[in-house]
Amino acid sequence: MNLIQSALRAVGLANVPQPSASYLRGLPETAPTALLHLPVRPSLRSADTDVRVAWAHAAARAVEACHNNGWISGVVNTLTSLMVGEQLRPNLRPDFSWAGWDEKQAAEWARLVERRFSIWASSPWECDAGGRRSLGQMQAAVVRSWFGSGDAVAQIPMIDRVGSTWRTKMRLIPPHQLVTSSDPMQRLNSGVYLDGDGAPAGYLLFQPDLYGQHREVRAPARDGFGRPMMVHMFDGEIGAVRGITPFAPILRVLRNYDQLSDATLTAAMIHAIFAATIESDYPTGDVLDALKDEDEQRSDLDATGATRFDEWMGQKIGWHQNVDIDLGRHGKIAHLMSGEHLKLHSSEHPNSTYEAFANFLLREIAACAGATFEDMTGDYRGATYSSIRMGIAKQWPGLLYRRRHVPVPFSQAALDAFIEEEVDTGAVPFPGGIAAFVEHKAEVCRAEWRGPAKPQADEVKAQKAHEGYRKMGVMTDEHICAELGTDYEDVYRQRAFEREQREAFNIHGGITNGGTDSDRMDEIGGADPGAEPGSEE
């Protein structure tokens, strides 16, 4: 027998968990509190095993925190708004060089598809299998699902519906319906069926039936033509086939913060309720009787009409005849008998160290969530322009990474399926038809997804920086528009349209210092609206 286990058995701790490197410190929820302080010897194992063991526990705690913890709920809403905003919108960049199309033809085709996709994505009846959410709402739901469980799952069914132009729909599936069981004989790993190369071939789902019972259903990942039928979004370690909530490292910190808050509040309430004490040499019961009003004393009378206090008062004739201490009555001055002292106490909670320690815990939570402390708490005391700007600069790449790997795969799958239906029905022209589309799908469905603008601590200073970088030739209009959450081609097109409208209505006077739009464009760092996209003035 292992020497360590023998020693633990001798002291009655034979059930201590084996060394582990899993999430949640590898300790079961029912582990004795004393075991939490034992040193854990780390060991290495596959990422999928770590996730499979801890997924249900971590997801339940994280979802509970999202529901009941104001800090976590707030930071999830903040990060969701930064990652998705109203809706992620595609900027199609198709490559039709294989078909002999030039860039102008490809751009015109892309704009046509984008307009039709915008109509589909903005209508819940068109894009949602349940008919309740627009694509933007589903993108936000995918992000919140990922924060809660580390997974987001969706199906792409084809549904004929009265009043609907398109059959392509998106259906979000709660991640807990994706089972966590494994079966090596069937190549089932944490609810994901894998092919010989490790690619997902299907998913094992718990689906409710009409009678409220759940049954296991295998859902294929793709159909016979390679069209995706399931989309699974997660961001995991090497070897993992499921994700885990990004809040897993700070679930224990959240519990510590709640315990600190509850203990501090309880202590403060105790001091607020018991805010006065009496020091007396007389029996406690007699002193408490003295604190009662006449009605309360009358209710304590025994059959003879006398109380212990009356007997004691008989020995101290006259002293307490005029004493009626009532802490609940305002503006009254009471006096006590000789030898008695009334002391009033003020609450000493929270103490001077509470805020510093609480903020320390909140900073750890904010760092794990990928937000700044100021964003999470709304506390900007002591923050400077430079510190806020540095915090945004460090936070933004992480948000872009999460946007790229959580809501964008879901959105791209929706776009791919939408374009496939458009080509198949002939609604948009395509050289070679549906067969050519299937062959060149990756080339023609390439898109960049635009989200909310990068937050700025000072818009004027950011504008000056953009202007300076553009004059230096190290930043283009496309880069500037990307930071502002817009598409430079849309900006060019809209500005050209507005210039034509001003000329049509004979409106003079421009956007800067009384000059016309075209006259003053260089001074604001813009391009000639009539120029071709990407051309220099």
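User: Are F117 and W449 buried or exposed?
Analyst: Both F117 and W449 are buried. Keep in mind that this is a predicted model.

User: How are the rings of F117 and W449 placed, and why is the pair called edge-to-face?
Analyst: The ring centres of F117 and W449 are 6.2 Å apart and the planes stand at 75°. Planes over 60 degrees apart count as edge-to-face, so F117 and W449 get that label.

User: Which parts of the chain does that pair tie together?
Analyst: F117 belongs to helix α4 and W449 to strand β11, residues 447-450. The pair therefore ties together parts that are 332 residues apart in sequence.

User: What about F117 and W120?
Analyst: F117 and W120 also form an aromatic pair, but a tilted one. Their centres are 5.4 Å apart, with 35° between the planes. Both residues lie in helix α4, which covers residues 103-122. They are three residues apart there, about one turn of the helix.

User: And is W120 buried or exposed?
Analyst: W120 is buried, as is F117.

User: How many aromatic pairs are there in the whole structure?
Analyst: A search of the whole structure gives 17. There is also an aromatic cluster made of F96, W98, W101, W109, F430 and F437.

User: Switching to strands. What order do β4, β5, β6 and β7 take in their sheet?
Analyst: The order is β4-β5-β6-β7, in an open sheet of four strands with antiparallel pairing.

User: Which strands stand at the edges?
Analyst: β4 (188-189) and β7 (214-220) do. Each has a single partner strand, so one side of each is left without a neighbour in the sheet.

User: How many bridges join β5 to β6?
Analyst: Three bridges join β5, residues 192-194, to β6, residues 200-208. In that pairing, V192 stands opposite Y203 of β6.

User: Last topic, the surface. Which residues form a nonpolar patch there?
Analyst: Y469, M472 and V474 form one, and together they have about 340 Å² of accessible area.

User: Where does V474 lie?
Analyst: V474 is in the loop between α17 (459-472) and α18 (477-483).

User: Why is V474 called exposed?
Analyst: Exposed means over 50% relative accessible area. V474 has 55%, so V474 is exposed.

Notes
Residues are numbered from 1 along each chain as its sequence is written. This is a predicted model: local features need pLDDT of at least 70, side-chain atom pairs count only at pLDDT 80 or more; totals for chains, interfaces and linings use all residues. Side-chain values use heavy atoms; hydrogens and water are left out. Patches are made of residues with over 30% relative accessible area and no salt bridge: like charges are joined within 9 Å, nonpolar side chains (Val, Leu, Ile, Met, Phe, Trp, Tyr) within 5 Å. Accessible areas come from the Shrake-Rupley method with a 1.4 Å probe; for residues, only the protein chains shown count as cover. A salt bridge is a side-chain nitrogen of Lys or Arg within 4 Å of a carboxyl oxygen of Asp or Glu. Helices (H or I, at least four residues) and strands (E, at least two) are DSSP runs, numbered from the N terminus. Buried means under 20% relative accessible area, exposed over 50%, partly exposed in between (1.4 Å probe, protein chains only). Two strands pair if DSSP finds at least two bridges between them. Rings of Phe, Tyr and Trp (its six-membered ring) pair if their centres lie within 6.5 Å; planes under 30 degrees apart count as stacked, over 60 as edge-to-face and the rest as tilted.
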